[in-house]
Amino acid sequence: MKRVLLIVSGGIAAFKALELIRLLRKAEYSVTCVTTKNAEQFVTPLSMQALSENKVFGALFSLTDESEMGHIQLSRSADLLVVVPATANILAKMAAGIADDLASTVLLATDKPVLVAPAMNMRMWLHAATQANMKTLRSRGVHVVGPDEGAMACNEFGPGRMSEPSAILVAIEALLNAPHPLSGRHVLVTSGPTHEPIDPVRYIANRSSGRQGHAIAAALAGLGARVTLVSGPVTVPDPAGVSVVRVETAREMLDACQRALPADAAVFAAAVADWRVANASDGKIKKQPGAAAPALELVPNPDILATIAAAGPSRPLVVVGFAAETDDLLANAQSKLIRKNADFIVANDVSPETGIMGGAENAVQLISAAGVEEWPRLAKEDVAQRLALRIAEALG
Ligand code: CTP
C-alpha cells in the first residue's frame, strides 16, 4: 500500500482536505496527516483522524511526538508528501527553508517527492514574492497542481482557488505510479555559461541562465537516473536529487565531464565559450592614460561535446547536443549532429525576438539520423521532460 503524508495548512480550502483523505482511502492509499496550528482553525484533527484511520500529527503535539516518531522518520516513511492547501505562507517557508513547526520541518527534512496544491487570494498568488517562491520550488523539483481560476471565498474572481480533490488525486496517482525507466542509469548533463577570465576581475561570458540544462537534470532524476550536473556559474538553484559539480571555464568543464564518466547518456546543454583569452593577465589590467585599449588574444576552447562523443569505449550510449542558432537553424543543427558525432541535437532559435535565451520557454526541433521533429513552444521544464523520456526510450 502506497503511503501519502498529507500536510494540511491553514487556509479556507482546508475543508477540501477531508474529501481528499476520503478519496485516497477509497483508492487504498494509506494516509497520515500533519497539520499546522492554523489548519486546526479550519478542520478538526478528529475528523482527519476518523477519515484517515491514522493518528494526526498536529503542531501542538510536535514536541511530544518527537521522541516517539521523529520528524525525519515521519518525512521519510511516506512515498509522497502532499501539501493541501498550500498557503502563500507555507510555500514561502518551503522556498526559504524555514522549519519552525512540525509541518515545515517535515518538508525540509524529506527526501521524497513533494506535491503542493496552492490555494490563496488571487492577489497573494499573483504577488511577485509568491511567484518567485513557486519558481524556486518548481526548479527544485516540487510538483504543483493548480491553482484553478474561479470565484473565491473573498468575493474576487481569478487564479488562486485550490484544485478539486479529484484533480489532486489524479496528480497524486500520476506521481506515485510514475515509471522510473532510467533507474540504474548514470547521465551527465552540462548547463549554464562558462566564464573565461581576462584578468582576476574581468571575464568573457554569455547570456545562458542554465534554466534549460538544470531542468533537464531534474527531469532525468525524476525518471530515476543518477545525474551528474556539471554547471557553469548560474543563479538558478540546484535541482533536487542531482549531484552538482561547479566549474567556471570550458577547460574545467571538460575536466569535470571526463571525471564523471562512465555515463550511459550525456546531455550538453551548456553554452560553452568557444574561445578563451590566451593573454589573460594574472594581475588586474590597469588603464594607462593615453595608452591604447588592450587587445585580447583569443584561442579556441576544447569542444566538450565533440571530445566526449568521439568514438571510443567511454563514449556514452546516447549523446545529446544543443544548437543555439540565429540563422539557418536546421542546416547548422544538422551539420552539428554529424560534425560532433551526437545522436540528437536539440536545435533552438535564439534570435533576441524569440525571448528564449534566459527566458522561461523554449521552441525546439529535435534532430537525429531519423529526421527532424518539431516540438511546440513549451515551458523549459516540459521540453526537459520530453527530452528525458526520449533519452530513456533511446537507452531502451
Ligand atoms: N559545446 C561544447 N563545448 C564547446 C562548444 C560547444 O560542449 N566548446 C556544445 C554545447 O554544449 C552544445 C553544442 O556543443 O551542445 C553546440 O554548441 P554551439 O556553441 O552552438 O556550437 P559550435 O560548434 O560552437 O557552433 P557555432 O560556432 O556555429 O555556434
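Contact means heavy atoms within 4.5 Å. The views show a predicted model, in which local features need pLDDT of at least 70, side-chain atom pairs count only at pLDDT 80 or more, and totals for chains, interfaces and linings use all residues. Residues are numbered from 1 along each chain as its sequence is written, and side-chain values use heavy atoms, with hydrogens and water left out.

**View A. Surroundings of L220.** L220 touches L182, V187, V189, A225, V227, V267, A388 and I391, when residues up to four places away in sequence are not counted.

**View B. The largest nonpolar core.** A nonpolar core is a set of buried (under 20% relative accessible area, 1.4 Å probe, protein chains only) Ala, Val, Leu, Ile, Met, Phe, Trp, Tyr and Cys residues joined through side-chain atoms within 4.5 Å. The largest has 32 residues, of which V189, I216, L220, V267, V320, L387 and I391 touch the most other members. Elements that each supply at least two residues include strand 9 (186-191), helix 11 (211-222) and helix 15 (380-395); helices (H or I, at least four residues) and strands (E, at least two) are DSSP runs numbered from the N terminus. Helix 15 gives the most, with seven residues. Another core, of 31 residues, lies apart from this one, and V4, I21, L24 and V145 are among its members.

**View C. Helix 11 against helix 15.** The axes of helix 11 and helix 15, lines fitted to C-alpha atoms over the stretch in contact, come within 8 Å and cross at roughly 50°. The contact involves R211, Q212, A215, I216, A219 and L220 of helix 11, and K380, E381, V383, A384, Q385, L387, A388 and I391 of helix 15.

How values were computed
Buried means under 20% relative accessible area, exposed over 50%, partly exposed in between (1.4 Å probe, protein chains only). Axes are lines fitted to C-alpha atoms, for helices over the stretch in contact, and angles run from 0 to 180 degrees between N-to-C directions.
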